[in-house]
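Come and read along with me.

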Amino acid sequence: MTRPRLADGARLQYDDVREEHLLLVPEGAVRLNATAAQVLELCDGRRTLDEIAASLSERYSGADVGDDVRELLGGMVEHGLVVDAAA
Amino acid sequence: MPPPRPYTLVAELSYRCPLHCPYCSNPAAITGERYRDELQTEHWTRVFAEARALGVLQLALTGGEPMVRRDLDELVAAARAAGLYSTLVTAGVHLTRERAAALKAAGLDHVQVSVQSPDPAENDLIAGTRSFDKKLAAARAARELGFPLTINCVLHRRNLDRIEEILALAEELDAQRLELANTQYYGWAVLNQDALMPTRAQLERGEAAVQRFRARVGPRINVLWVLPDLFEDLPKPCTGGWGRTTIVVAPNGEALPCHAASTIPGLEFPNVRDSPLDWIWHEADAFQRFRGTDWMQEPCRSCPLGRQEEDWGGCRCQALRLTGDAAATDPVCRFSPDHGTVLAAREAAPNRDFVYRTTRRPSRRRRPAGV
């Protein structure tokens with residue numbers, strides 16, 4: 001996984017009725033916590049995984065979030081929700 | 001307790017359709033006047049916004065054939081503006097690359113194309129019109145434009161033995177999802193039950209093929225396999241439970257808890273022309289009648305498996321059709337005193353010709369052209 005992007009047709013949305021972040025996909029919706037939503041917003045197929053982790057780290061006062069980002073995206077890839085734009 | 005928030009709006013834009021599939025789940029009454037006065041663009045636009053405010057996330061633009069609506073691009077744009085995730089459920093015959101590109105630009109999220117059989121001649125026979133090549137072209141155009149693609153194939157005795165070919169076709173078309181929904185016996189399928197009912201052996205071979213495919217392909221293609229209710233021993237929740245997840249709006253504006261509910265006598269369906277969706281969901285009798293568990297009779301009331309809030313009593317239309325009482329336990333359930341009607345239905349009569357679906361009046365019905 002080098003340059004992650006959302007799978008075709010997956011769309012991030014904040015549901016202001018249920019007040020939660022969602023990843024909308026064909027016939028379904030994945031509930032996201034705020035951090036996961038921030039990570040996925042950065043998955044544009046241009047940024048590398050390290051750049052995404054660095055950008056998030058900045059928002060969290062320099063905390064090391066690399067492993068968390070890798071774990072989150074790993075799970076998303078397994079479920080076909082995120083793909084590698086470089087592949 | 002307030003009802004849960006709905007999740008899905010099924011917008012049946014028109015019952016007009018270029019196909020004539022004998023298992024169509026539309027009401028048999030589409031030959032009459034009831035559904036001819038279709039909602040206008042501004043009705044649907046308002047309904048989409050009201051649905052989102054209620055909590056709806058998924059919108060199915062369906063029919064009939066939704067692409068017969070001349071305002072489809074406008075409706076798609078309205079759905080996107082409302083914040084709904086939209087799926088076009090289409091036969092594919094009108095989905096040229098140019099139309100698909102316009103729908104993409106309007107904000108359509110997902111395309112679902114039906115295929116009646118992976119064999120071209122059989123597809124055209126079941127659909128009642130020449131359509132196979134256009135369907136494949138539509139599916140390819142959708143993928144080229146970056147749409148996620150679902151292929152939908154309704155299964156029955158005539159096409160179940162081709163399941164390996166259906167799976168291969170979905171893979172070749174680069175579909176993300178394949179819906180293998182066995183025919184359920186509502187609408188036109190009731191008229192064709194003897195010609196469509198599969199055998200237990202066909203279903204077992206089909207399921208085994210699906211399992212082999214899943215093991216080989218993994219999560220790249222999500223294959224849904226749905227057994228016909230009549231081959232189950234415990235009921236499924238009707239559309240996630242009556243009035244729990246889904247609102248269906250028919251072409252004439254009638255709002256229903258499920259697409260077959262119009263067959264239930266004594267239910268009056270509110271119309272979105274007259275009532276806001278919020279009132280329909282929370283107050284209308286048709287949505288409350290079988291919601292929750294208070295309406296249940298025995299054996300549901302004292303269910304030995306405690307499944308009341310799992311299957312919500314099963315399918316009301318099936319209970320009506322097989323027992324004459326829409327409030328009875330779904331006879332699919334092995335605890336139903338009427339379960340024998342389900343066992344009997346599995347014994348399919350010899351094959352017969354199809355009664356093709358049509359919106360024409362019976363006096364003008366004839367075998368469709370092009371077969």
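These are my entries, one topic at a time.

**Entry 1: what kind of model.** I noted at the start that this is a predicted model.

**Entry 2: where the chains meet.** I looked up the contact between the two chains and found 18 residues of chain B touching 14 residues of chain A. I then sorted the chain B side by class: six residues are nonpolar, eight are polar and four are charged.

**Entry 3: two helices side by side.** Next I turned to helix H1 (residues 41-54) and helix H2 (residues 72-82) of chain B, whose axes lie 9 Å apart at an angle of about 20°. Angles under 35 degrees count as roughly parallel, so H1(B) is roughly parallel to H2(B). I also checked the hand of the crossing of H1(B) and H2(B), and it is right-handed.

Which residues of H1(B) and H2(B) meet? From H1(B) I wrote down B:Thr41, B:Trp44, B:Thr45, B:Phe48, B:Ala49 and B:Arg52. Their partners in H2(B) are B:Glu74, B:Leu75, B:Ala78, B:Ala79 and B:Ala82. Sorted by class, this contact has seven nonpolar, two polar and two charged residues.

Entry 4: I tested the length of helix H5 (residues 132-144) of chain B, which has 13 residues. At 1.5 Å a residue, H5(B) should span 18 Å, and I found its end C-alpha atoms 19 Å apart, which agrees. (The sum uses one less than the number of residues.)

Which residues of H5(B) are buried? My list reads B:Phe132, B:Lys135, B:Ala138, B:Ala139, B:Ala141 and B:Ala142. I then asked what covers them, and the cover includes helix H3 (97-106), strand S4 (110-114), helix H4 (120-127) and strand S5 (149-155) of chain B.

**Entry 5: two cis peptide bonds.** I found a cis bond joining B:Gly63 and B:Gly64, with omega about 5°. B:Gly64 sits in the loop between strand S2 (58-63) and H2 of chain B. Another cis bond runs from B:Glu298 to B:Pro299, with omega near 0°. I traced B:Pro299 to the loop between helix H11 (285-288) and helix H12 (308-311) of chain B.

Entry 6: I placed A:Ser61 in the loop between helix H2 (49-59) and helix H3 (66-78) of chain A. Is A:Ser61 buried or exposed? I counted 6 other C-beta atoms within 10 Å, so A:Ser61 is exposed.

B:Trp312 is not a glycine either, and its phi is positive, near 50°. I found B:Trp312 in the loop between H12 and H13 of chain B. B:Trp312 has 26 C-beta neighbours inside 10 Å, so I wrote it down as buried; the cut-off for that is 20 or more.

**Entry 7: one arginine.** My last stop was B:Arg321, in helix H13 (residues 316-323) of chain B. Why does B:Arg321 count as partly exposed? Because it has 19 C-beta neighbours inside 10 Å, and a residue needs 20 or more to be buried. I also checked B:Arg321 against B:Glu98, 223 residues apart along the chain, and their C-alpha atoms are separated by 44 Å.

How values were computed: Residues are numbered from 1 along each chain as its sequence is written. Chains are lettered from A and ligands numbered from 1 in the order in which they are written. This is a predicted model: local features need pLDDT of at least 70, side-chain atom pairs count only at pLDDT 80 or more; totals for chains, interfaces and linings use all residues. Two residues are in contact if their C-beta atoms, placed from the backbone, lie within 7 Å. Ala, Val, Leu, Ile, Met, Phe, Trp, Tyr, Cys and Pro count as nonpolar, Asp, Glu, Lys and Arg as charged, and the others, Gly among them, as polar. Helices (H or I, at least four residues) and strands (E, at least two) are DSSP runs, numbered from the N terminus. A residue is buried if 20 or more other C-beta atoms lie within 10 Å of its own, exposed if 12 or fewer, and partly exposed in between; C-beta atoms are placed from the backbone. Axes are lines fitted to C-alpha atoms, for helices over the stretch in contact, and angles run from 0 to 180 degrees between N-to-C directions. Angles under 35 degrees count as roughly parallel, over 145 as roughly antiparallel, 65 to 115 as roughly perpendicular and the rest as oblique. A crossing is left-handed if the near helix is turned anticlockwise from the far one by less than a right angle, and right-handed if clockwise.
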